[in-house]
Each structure stands twice: as C-alpha cells, then as structure tokens.
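Hello,

Here is the model I promised to pass on. Have a look at it first, and my notes follow below.

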Amino acid sequence: MKDEAIYRRLFRTALLIRLVEERIIALYPSDKIQSPVHLSIGQEAVAVGVCDALRADDLVFATYRSHGFYIAKGGKLDAMFAELYGRKDGISGGKAGSMHLAAPDVGLMGSSAVVASTIPHAVGAALSFKRRGGDRIAAAVFGDGATEEGVYHESLNFAALMRVPVLFLCEDNGLAVHSHRPIRQSYRLIEHAAAYGIAGRRLEEGWDMLAVRQATLEAAAHVRSGEPFVLEIATSRYKEHVGVGEDFHFNYRTTDSVDAWKRRDPLIVDAKLVAELSPELEREIDAAVAYAEASPAPGRLELLTDVI
Amino acid sequence: MRKLDYAGAIREAMAQEMERDPRVFVYGIGVPTWSSIFGTTKGLTEQFGPERCFDTPICEDTMTGFGLGAAIRGLRPIHVHIRVDFMILATNQLLNMVSNYIYSTGGKLKVPLVVRAVVGRGWGQGAQHSKSLFSNFTHIPGLKVIAPTTASDVKGMLTAAIRDDNPVICFEHRWLYWAEEEVPEEPYEVPLGVGRILRPGRDVTVVGLSWMNVEARLAADILYKRGVSVEIVDPRTLAPLDEDLIVESVKRTGRCIVADCDWVESGFSAELAARISEKCFGRLKAPVKRIGFAHTPCPTVRELENEFYPNARTIVRGIEEMLGLEAANLDGEDFFSHERRFRGPF
Ligand SMILES: Cc1ncc(C[n+]2csc(CCOP(=O)(O)OP(=O)(O)O)c2C)c(N)n1
Ligand SMILES: [Mg+2]
C-alpha cells in the first residue's frame, strides 16, 4: 500500500512532465516558443525516480534536456512556460530559454547546452557539502554521449581523489543526436568507473519509476557516506533529438526499439491512471500557459541587465 | 552558369578535393549522419567510404590533436564543428599545438589541417550556440582564418584551404548556407589572404565580416536611394589580412564602418579599426566606427535577440551619423529576417 502511494506520487509527476511536453508540441507550430526544445518524452521515469529519491536540499546539475528534471525537482510550471515563451516573468526573463533551465531555489543549479560541461560543477558543489559537514549530496545528470568528453573522466578521477559526495547520473538513451552508442564508445561505464575506484550500477528498467527511485536511494545512501557513485539508467528518447517531431523517417533508427519501451511505459500502459489524473494536470498546465501568455515581453532595457 | 547554394558549394569543394587527393578526409561529430552538418557533408561517406568521412565520439580537443597527428604525417584532415561554441573545447590543441607546430619544428613539418566552424544566430539559439569568436583565433600567430561570404568564394577558398600546408580555420555563418550564386563546376582556388570589393562606392567604406556583408548590401541599397554611395569591402580572409585593399578603399572614401557579427569589445573589428586608423590617419574625415553584438551573452528571447544583433538598419544609422544626415524613415524598408524562412528548431 505504501508502494502504491509512492507509485501514484511518481506517476503524477511523470505524467505532468509528459503532458507539459505534449503541450509544448501542440504550441510549437504557433511560434510562441521560438527556441530549440529537447524533449524528454520517454525518459520521464528517470527524472522522477531520481528526484523523488533525492532530498529537497540535494543539488542537481543538468543538461539542455531538462524539462523533466526541472519539474521533478519542484520548479514552478508558470515560470517555466514564461521562460519558454520568452517573457519577463520567465525563470530568467526569457534570456535562458529551454536549454538553460535553472531553479536554484529548489536545487536545480543550472543546465548547459555544451555537452558534459556541468559535470564538474557537481563535484565542486559536493566539495562545499563535504567542507560544511552534513549529508547533502550533489548530482550531475548527463547523457551517454557526455561520458565521451574528457571532462567526465577527469571529474570521476578528481571526485574519487577528493572523496566528495557526488552522484554521477547517466541517462543512457543510446543516442547522441543521430549517432548510436556502439560507434562512439569502447568502454562500459560501470567497469570504467571501477577503474577510478568508484562504485556504480547500471539499471536496465529505466521505464520503471519505482525501480529508478530505489536504485537512486541506494546510490544516494552510498554517496551520503562520502563516496562518489555512478548510476547509469537505460532509457528511451521517443522524439527527435531537438524539436517536437519524430525522426524515424530519417532511417537512422527503427521504431522497434522505441516500441519495446512504449509497451512497458507506465504512462502508456496504465491508461486508467492517466485518464484519472490528466484533467487536473491539464488544468495546471492551462494555468501556467495562461500565465506565460499574460506576461509581457522583456523591455529593451533588459538586454544589458544581469551581465555582471 | 549553374547556381549552387553556399552549403552545396562547401560540399562540392570537399568532394572534389577528396576525389583529387586520396589524403583528404572529413570527420567530426555527426558528420556522416543524415543531417550532415546542414547538408555540407551529405553523401561523402557513401561516395568515399567510412574511412574518409566519419563520425567521432564527443571529444573535440582529442579529435583536434588526432587531426594534427594525421596532418604532420601527410594526411589532409578536415575537422567539422557544428558550432564554434563546441570548437572552443579544442582550444588547447588549436592554440597551443596546431598554431605553433610548424614554428617549433623549424618548418620541417607541415600542418595541412582544415577546421570548419559553423557560426550563426537566430531562433533562440541562446548563449551557447551563437558565438563567432573570430578574434580568439586571429589573435594567434600560425593560424589562417577565413570567413567567406558568398557561395563562389567559399568553394574556392575552402579548396585553397584544403591544398594549403598551414592550418586553416573556416568560419561559416549558418544564414549563408542557403544563399545561391553562380558557382563554377570545376575545382578552382580563390587565394587566401586576398580581399574583395563586393560593391564599389565613393562616400563611405563598410568593411563587412561574413553575414554582415549581406546586411551591408541591403544598407547600401537603402542609402543609394538617398544619393549616398557605399563601398563594401569583404576581407574574406581575416588572417593573413589583405590590409592594402581595405586601406586603399578607406583612403578613397575617407570614412569607414567596420561591421562585425561578433562582440565589439576586443573583437576583430578592433583590429581592423586600429589598422585603418593608423594607415589612413590623415585621410579620415571621421573616426572609424564599429558595429557588432551588444556586450552581453546572447539572449534567447527574440525581442532581445533583435536588440543584440546588428543589421542593415544599424549600418544605415551608423552611416547617416557619420555623414551628418538626418535619420531617414525606414518604415517601408524590408529588413532581412531569417525566421521568415526558418522556423526552428535549429
Ligand atoms: C561540447 C559539445 N559538443 C557537441 C555538441 C552537439 N551536441 C548536442 S547534444 C549532443 C549529443 C549528446 O548526447 P547525450 O549526452 O547522450 O545526450 P542526449 O541528447 O541523448 O540526452 C551533441 C553531440 C554539444 N552540444 N556540445
Ligand atoms: Mg544520449
């Protein structure tokens, strides 16, 4: 029964993320959102399971594909839509947009569109926790492609040397834009982490919010004890790399792999719960969109504010 | 003559050089995938095989050092970056290694490496997908830096770059990719280090960089109707710079505006303004003026993006001010907006 309550909680947030991104898809042709969007449809269970397992005062550093993490970490929906619309009341007054969501008030410290560039930030933030004592942790969220950058390897090494409480969280959707993982990588992530003396685990059931949550709770417990950890979660990106469409017609991947995920995706399989929760969530989204619509465009003078 | 767009001209230059010289190869993140860097590498893997056109892991610095290693062994690599913002992860290899390899081997080794970097703007690209950074590279001795504006120039200059035994960085503004022009079918070189007068004029010289030449042409058309004659000089190669061409032009007109698609502060426009001021000191009727990005990271929202980027209007206003003319009503003018044609996502 307790699990049932947790499941509902996770499901609700995951469904909110999906409905938000489906709303973005619906709005996009209107040109109200004039910036690139990297959707996480198919990957929601990762953001939701992870953020539910983290504590409110733990910090997350993320990527351009972070609508899910923003929402799961507790970011405000109205400010997010206003940001996507490029409005004054957006998180960053419209200057950041979808690729650079941040909500420091709820622990989402930033997100970057330069692959892998936020990973060391989590290591530095973890050092601040270690200095202060206590058991807060920092999580670096990144894709499978990001692990090819030197900065990922260097971050593991330094985190291991410093023994800081950082969780390295890899969302493995098997793709970097249109390139498949096997042509890019000669290593296995968990074995590779072990070479630095960092414990790790790969979770195949990335569609399963409870499994993600449980794996993260265990990983986080390890990290709270003062050791870095690598958690790799298999997942599936349903939509194109960037933009609101699908990309199967480009023939670089088949629908099969995605269909296999969809057959297990609770947001599809558990249609009853979707039907039950959707109306209320849609109203929440309506309100956020209305907020964005009502918010004014930033004035010209905003151009030079917040630079230094 | 048949017409070709800028992206097609890049592709053709690379394909013809790969055909001509088996040492030439092309690589970079996403290069052989279907989106093929805005179509500029389309079909090269099919035509030349995966050994001569291939994808890479996401590790820019290493892949640049790899290119250097291949180049000093006599291969002729072309490394492609879909944004200059990602190329700067390779700054160590480019600025510490590639740029002084010939120097530190006393000229015994050559570095026939070409690095293509896409620059550009628009559709909410934001702070990490919109830089130009020309001056970060022109600042460094040992690198040739080119920024062709037209399709025929990019084909000839890229061909010359591939045949060059020095490292060449080629900046390509994304908005130029669809610009069509008559482009000769056979391979040809446009020599590096030679600028071009895009439009002759009497009253003021606009030195335009990359995309800003398109804006300068529009500004010149608008001002022509008011009897102002604008000369447009496209340096084409930023390093080594064809200083004589620019200096002669400014000596003739007595006035100069440098229009850059980059930040003004410490930008390439500063280098141009300094050289022009020095060489044309007695002949200048007004101080050299510079136009470029506002001094802030690039905002994502369109309203502020419009304020951030200079365009033909900025150039018209700059020239009016320089000539002491009243600001004309530009309401009827049709200013270029890429978004009319391009509706995202990238
Ligand atoms: C340093 C850098 N190089 C290249 C790119 C272009 N790029 C954007 S996303 C991406 C793929 C990243 O894949 P992954 O880390 O697996 O994340 P995913 O998009 O799958 O979530 C690439 C290569 C970039 N943004 N930054
Ligand atoms: Mg991926």
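Ligand 1 sits between chains A and B. Before the details, some housekeeping: this is a predicted model, in which local features need pLDDT of at least 70 and side-chain atom pairs count only at pLDDT 80 or more, while totals for chains, interfaces and linings use all residues. Residues are numbered from 1 along each chain as its sequence is written, chains are lettered from A and ligands numbered from 1 in the order in which they are written, and side-chain values use heavy atoms, leaving out hydrogens and water.

Around ligand 1 there are 20 residues (a heavy atom within 4 Å), the closest being A:Tyr64, A:Arg65, A:Ala113, A:Gly145 and B:Glu60. Oxygen atoms of the ligand lie 2.8 Å from a polar side-chain atom of A:Arg65, 2.8 Å from a polar backbone atom of A:Gly145 and 2.9 Å from a backbone N or O atom of A:Leu175. Of the 570 Å² of accessible area that ligand 1 has on its own, the protein covers 95% (Shrake-Rupley method, 1.4 Å probe).

Now the interface. Chain A brings 40 residues to the contact and chain B 33 residues (heavy atoms within 4.5 Å). About 3,000 Å² is buried between the two chains, with 64% of that from carbon and sulfur atoms (accessible area lost on being put together, 1.4 Å probe, summed over both parts). One salt bridge is counted between chain A and chain B (a side-chain nitrogen of Lys or Arg within 4 Å of a carboxyl oxygen of Asp or Glu): B:Glu307 pairs with A:Arg300, their closest N and O atoms 3.2 Å apart.

Best wishes

Definitions and conventions. Polar contact = N/O pair within 3.5 Å; in protein donor to acceptor, adjacent residues only side chain to side chain.
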